[in-house]
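Keep the sequence and the structure side by side while you read.

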Amino acid sequence: MTFTQPIFLFAFLPAVIICSSLVKNMPIKNLVLLLFSLFFYAWASPKALFLLALVTLWIYLSGLQLEKESSSKKRKWYFGLSCAFLVLILFLYKYLGFILSLFHNQGLLLSLQVESSLPLGISFYIFSALSYLADVYMEKAPVQKNFLNLSVYIAYFGKVSMGPIVQYHDMLPAIEERKNKRQASGLGTMQFLKGLAMKVLLADQLSILYSSMSSDTSVLGAWLASLAYSLQLYFDFAGYSNMAIGLSKFFGFEFAANFDYPYTANSVQDFWRRWHISLSRWFRDYIYIPLGGSRVGTLKYIRNILIVWLLTGIWHGANWTFIVWGLYYALWLLAERFFLHKYTQTLPRSVCIFYTFMIVNIGWVFFSADSLSAALASLGHMIGIGSTALANTSALFYLKTYLPLLLISAIACTHLFHDFKTLLLTRLNNLSVPLLAGIYLILFFLCLALITSSTSQTFLYFAF
Amino acid sequence: MIPNPFKDKAGLLKDKMAEVKKTNLPKNPFPIKNGPEDTQNLSQPKNILQKYGIPVLQAGLVLAFVFYFKPSFQSIKPDSSAAFEDVLAAIEEKADAELFPAQDEQALRRYFDLDASDYENIVFLRQDDALSASEIVLVRFSNNDEADQFQETMQERINSQIQVYEGYAPEQAGLAKAAQIEVNGNYAFYVCADNASELLQSFDAAVEKGR
C-alpha cells in the first residue's frame with residue numbers, strides 16, 4: 001500500500017484518522033496507531049514484519065541495558081555492539097549480495113549467493129533505531145521503558161517506508177503527549193494534497209519523459225533524460241515527504257520539512273542543507289559531529305567529509321554508482337570550502353543557482369545509472385562524446401511535447417507557487433480560503449483521474 | 001456478635017507454620033564471617049539473572065535473526081562444461097518432435113523479445129499452432145548475470161500465456177500454469193509441456209554430466 005493508492009486514500013487513511021480521533025487516552029491512541037501501522041507494513045510485506053519487530057525489541061532491550069550499565073567503558077561497548085547488530089542486518093540485506101557478486105566476478109567464492117528481497121523501508125527504520133540508541137547513549141533522551149511508545153517511533157506508518165528519518169529526541173514529546181488540533185489538520189490536508197500533486201501530476205509524468213529518453217544517444221536526448229530525472233526525483237521524493245509530513249499533522253506529529261526548494265540552492269553546501277534534510281541531519285548529528293565536524297585540522301576535516309559522503313553514497317545502495325556519487329559530492333564540498341567560495345561569493349545569485357543545478361544534475365546521472373560505464377556513457381552523450389547526433393527526431397518530438405511540463409516543473413521548483421498562495425491569503429482575506437480550497441480540490445480530482453487511469457508510478461525512494 | 005470459633009485456631013496455626021519454617025531452614029554449610037557478604041552470596045542467583053537477563057534475551061534475538069535470514073543464502077551451482085548440442089539432444093530425446101520443431105531467431109524475438117546474440121547459445125522449440133501452449137527454450141549464458149533477466153522474461157511469457165488461453169482453452173492455460181523455469185549454472189531451461197517434469201529431469205542430468 002502506498003500513499004497514492006486509492007485503498008490508502010479512501011479506506012486506510014480515513015479509518016486511521018477516525019479511530020485515532022475517537023480515542024482520548026494516550027496509551028490506547030498509540031496502540032491504535034501502532035496496530036494500523038503494522039497492518040500498513042504487513043500489507044506490503046507480511047514476512048518482513050518479523051524483522052521490524054525484531055529490530056524494535058532489540059533496541060528496547062539495548063536501551064534498558066544501557067541504562068543499567070554504570071561504567072562508561074561498558075556502556076560504550078554495549079552501545080557499539082547494539083549498533084553493530086543493526087548495521088549487520090542492513091549490510092546482510094543491502095550489501096552482501098553486491099559484495100558476493102564482486103568475489104563472484106573475480107572467480108572467487110563461487111558457491112554462495114543471497115536471494116533476498118530488500119524489506120520495505122529497512123534503511124529508514126534501521127537509521128531510526130540507530131537514532132534511538134545514539135540518543136540514549138549520548139543522553140539526548142531518556143531510555144524508553146514503554147515498548148508501545150518505542151514501537152510507534154519505529155513502525156509509525158507515516159515514516160516507516162520512506163522516512164523522513166525523524167530523530168528520536170525530536171519525536172519523543174509527541175509520542176508521549178499530543179493533541180489533534182483542527183488547524184494542524186487543515187494545514188496537514190493542504191500539505192498532503194500538495195505532495196500528492198507533486199507526485200502524480202509532475203513526477204509520474206516526468207518519468208514517462210525519462211524512460212523514453214534514457215536510451216536516446218543524441219546530445220539533446222541525453223540532456224532531456226538527465227533533466228527529466230532530476231526533476232522527477234525531486235517531485236517524487238519531496239512529494240512523498242510532503243504527504244508524510246502532512247498526514248502526520250492529523251495525528252499530532254509535527255515533523256520538520258525534508259526539502260526546502262533544493263534547486264534554488266546557490267552552492268553545493270546550500271543544496272545539501274535543502275535536500276533530504278532528515279538524512280543530512282542524521283549524518284551530521286551521529287557521524288560528522290562525533291568525528292569532530294569542522295572544528296578540527298584540515299586533514300581531519302577532509303577525512304570527516306570523505307567518511308560522511310562515502311557513507312551517504314553507500315546508504316543509497318550497493319552499487320559503485322552510489323559510491324562514486326557520494327565521493328563526487330565530497331570533492332565538490334571540499335572544493336567549495338577551500339577554493340570555490342571566493343568566486344561564488346562574488347558571482348550573481350542566478351549564476352550560482354545555475355552552477356549548483358548543473359553539478360547536481362550531473363550527480364543524478366551517476367545516481368540513476370545501472371553501472372559506472374552507463375553513467376559515463378550518458379555523460380559522454382551530454383557533451384557529444386559517443387553521441388549519434390546533436391538532436392534526432394525522437395528527442396525533438398519529446399522536447400516539443402514535454403516543454404510545457406518542463407517549464408511548469410521548473411517554476412514549481414521555486415518559491416513562486418508559495419508566494420502566490422501567501423499573496424492570495426493576504427490580499428483576498430475572506431475570499432482566499434474558499435479560493436484555495438477550490439484550487440486544492442481541483443488538484444485532488446486531477447490526481448485521482450491520473451491515479452485511476454493507472455499512470456501512477458511507485459515511489460523512487462522505495463528502492464532504498 | 002457471634003465469636004469466630006476458628007479465630008484462635010487460625011492464629012495458632014500461623015504461629016506454628018512460622019516456627020516450622022524457621023526450624024526447617026537448611027543450614028549454611030559455610031561459616032558466616034560477616035553479615036553483608038553472606039547476604040550477597042544468598043542473593044547471587046537473582047543477581048545473575050538481573051545482570052545477564054537482557055544480554056541472554058538479545059542473544060536469543062540474534063539466533064532468531066540467523067534462522068530468519070538463513071534461507072536467503074543459496075548455493076550457486078558451478079558452470080557446466082556439457083556441450084549445448086548434448087543437452088539439447090537429451091531434451092529432444094524425451095520431447096515429442098512434432099510438438100517441438102526448432103524455430104528461428106526471429107521467432108525468438110517475436111515471442112520473447114530476446115536477442116539470440118546476447119547468449120552463447122539459445123534454442124526455441126515450438127509449433128506454429130497458436131492453439132498450443134507447448135514450447136521450450138534452452139539457453140547457455142555467456143555471462144551468468146543474464147540469468148535473472150532471462151527468468152523474468154520467461155515468467156512474463158508464462159503470465160501472458162495463462163491470460164491468453166484462460167478464456168477459450170483451459171487445458172492449455174493449465175499447461176502454462178504448470179510451466180517450469182530452471183537456472184542450472186550457466187544453463188537455463190524454460191518448458192511448457194505435458195511432460196515438463198520429465199524434460200526438466202533430462203535437462204538437469206545432461207547439465208550435470210558436464211561437472
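The side chain of A:S62 makes a polar contact of 3.0 Å with the side chain of A:S82. A polar contact is a pair of N or O atoms within 3.5 Å; within protein, one must be able to donate a hydrogen and the other to accept it, and residues adjacent in sequence count only if both atoms are side-chain atoms. The side chain of A:S62 also reaches across to chain B: a polar contact of 2.7 Å joins it to the side chain of B:Q58.

This is a predicted model, in which local features need pLDDT of at least 70 and side-chain atom pairs count only at pLDDT 80 or more, while totals for chains, interfaces and linings use all residues. Residues are numbered from 1 along each chain as its sequence is written, chains are lettered from A and ligands numbered from 1 in the order in which they are written, and side-chain values use heavy atoms, with hydrogens and water left out.

A:S62 sits in helix α3 (residues 49-68) of chain A. Helices (H or I, at least four residues) and strands (E, at least two) are DSSP runs, numbered from the N terminus. Is A:S62 buried or exposed? A:S62 is buried, with a relative accessible area of 0%. Buried means under 20% relative accessible area, exposed over 50%, and partly exposed in between (1.4 Å probe, protein chains only). Leaving aside neighbours within four places in sequence, A:S62 is in contact with A:Y78, A:S82, A:L133 and B:Q58. Contact means heavy atoms within 4.5 Å.

Turn to helix α14 (residues 320-344) of chain A. A straight helix of 25 residues would span 36 Å at 1.5 Å a residue, but α14(A) spans only 31 Å between its end C-alpha atoms. The expected span is 1.5 Å times one less than the number of residues. α14(A) bends by about 60° at A:F338. The bend at a residue is the angle between axes fitted to the seven residues ending there and the seven starting there.

A:W325 belongs to α14 of chain A. At 0% relative accessibility, A:W325 is buried. Beyond four places in sequence, A:W325 touches A:W272, A:T312, A:G313, A:H316, A:G363, A:W364, A:F366 and A:F367.

Helix α15 (residues 349-368) of chain A has 20 residues and reaches 28 Å from its first C-alpha to its last, close to the 28 Å expected. Its buried residues include A:C352, A:Y355, A:G363, A:W364, A:F366 and A:F367. The buried residues of α15(A) pack against α10, α11, α13 (298-316), α14 and α16 (372-382) of chain A.

**The cores**

The largest nonpolar core has 157 residues, and among them A:F8 and A:F157 touch the most other members. A nonpolar core is a set of buried Ala, Val, Leu, Ile, Met, Phe, Trp, Tyr and Cys residues joined through side-chain atoms within 4.5 Å. Helix α10 (residues 219-250) of chain A gives the most to this core, with 17 residues. Apart from this core lies another, of 26 residues, among them B:M154, B:I158, B:I162 and B:A179.

Leaving aside neighbours within four places in sequence, A:F8 contacts residues including A:M1, A:F40, A:F157, A:F192 and A:L247.

**Chain B**

Chain B has eight helices and six strands. Along the sequence they follow the pattern α-α-α-β-α-β-α-β-β-α-α-β-β-α. Buried residues make up 36% of the 211 residues in chain B. Of the contacts in chain B with a separation of 6 or more, 60% are between residues 24 or more positions apart.

Helix α6 (residues 146-166) of chain B has 21 residues and reaches 30 Å from first C-alpha to last, close to the 30 Å expected. Among its buried residues are B:F150, B:M154, B:I158, B:I162 and B:Y165. An α-helix has 3.6 residues a turn, so residues three or four places apart point the same way. The buried residues of α6(B) pack against α5 (105-112), β3 (121-126), β4 (135-140), α7 (170-177), β5 (180-184) and β6 (187-192) of chain B.

**Two loop residues**

Phi of A:H276 is near 40°, a positive value in a residue other than glycine. A:H276 lies in the loop between α11 (268-274) and α12 (277-288) of chain A, and is buried, with a relative accessible area of 1%. B:D113 has a positive phi of about 60° although it is not a glycine. B:D113 lies in the loop between α5 and β3 of chain B, and is exposed, with a relative accessible area of 62%.
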